[in-house]
Amino acid sequence: MKLKFGIKEVVALGIGTALFVVLTTVQIPFFVVPNTALQPRMAVLAFIAAVFGPIVGGVAGLLGHSLGDAFFYGSVWWSWVFPEAVVGVAIGIFAKKFAVTEGGFVGKNIVLFNIVQVIANAVAWIIVAPVLDILVYAEPANKVFAQGAFAFIGNIVVIGILGSILLVAYSKLSGKSSDLKVEE
């Protein structure tokens, strides 16, 4: 688990949060369930967490979602902010095992990443978000569990496809850059 927090992590946190906020309005709505959409920003969150660890992933999810809500919608829906942090932390816990920065994000590491992101999204969107919606906002259970299920499905698809592509590309570039040696 990567718990290091230096200048590189601060920069990654800033860039990841900014990208997450900017991508807040990029959504493909699920017309079956209100206020639920496919969101490419989840791939950015997964990428940041898989490369920089649980602190950066969790804080980027928390700040990115809350700032995005505040800027674009005028208020923050906290019961959906905290699940973003859960996803970021959970994926980030396994960052070292994914071997993205070492150029090893292939085969079994891609599978592991996707298993982790599915479990993280299940906890976040099938349990945490609906329960907080009920406890904090007194929302009807049938509505919020339906929203959570669709958010879960959408997020695993976006992260599974777009997140995996981003990580494979970055891993190939990162692995090549580590082959550089100082000339004497």
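Predicted model: local features only at pLDDT ≥ 70, side-chain atom pairs only at ≥ 80, totals over all residues.
Local features need pLDDT of at least 70 and side-chain atom pairs count only at pLDDT 80 or more, while totals for chains, interfaces and linings use all residues. Residues are numbered from 1 along each chain as its sequence is written, and side-chain values use heavy atoms, with hydrogens and water left out.

**View 1. Helix α1 packs with helix α3.** Helices here are DSSP runs (H or I, at least four residues), numbered from the N terminus. Helix α1 (residues 7-22) and helix α3 (residues 54-73) lie with their axes 8 Å apart, at an angle of about 35 degrees; axes are lines fitted to C-alpha atoms over the stretch in contact, and angles run from 0 to 180 degrees between N-to-C directions. The crossing is right-handed, a term for a near helix turned clockwise from the far one by less than a right angle. Look for contacts (heavy atoms within 4.5 Å) between α1 residues including Leu13 and Phe20 and α3 residues including Leu63 and Phe71.

**View 2. A salt bridge joins Glu84 and Arg41.** Their side chains meet at 3.5 Å, N to O; the rule asks for a side-chain nitrogen of Lys or Arg within 4 Å of a carboxyl oxygen of Asp or Glu. Glu84 sits in helix α4 (residues 78-93) and Arg41 in helix α2 (residues 41-52), 43 residues apart. By this rule the model has 3 salt bridges.

**View 3. Helix α6 gives the most to a nonpolar surface patch.** Helix α6 (residues 107-137) supplies 10 residues, one of them Val123. The patch covers about 940 Å² and also includes Phe145. Patch residues have over 30% relative accessible area and no salt bridge, with nonpolar side chains (Val, Leu, Ile, Met, Phe, Trp, Tyr) joined within 5 Å; accessible areas come from the Shrake-Rupley method with a 1.4 Å probe, and only the protein chains shown count as cover for residues.

Methods: Helix = DSSP H or I, 4+ residues; strand = E, 2+ residues; numbered from the N terminus. Patch = residues over 30% accessible without salt bridge, like charges linked within 9 Å, V, L, I, M, F, W, Y side chains within 5 Å.
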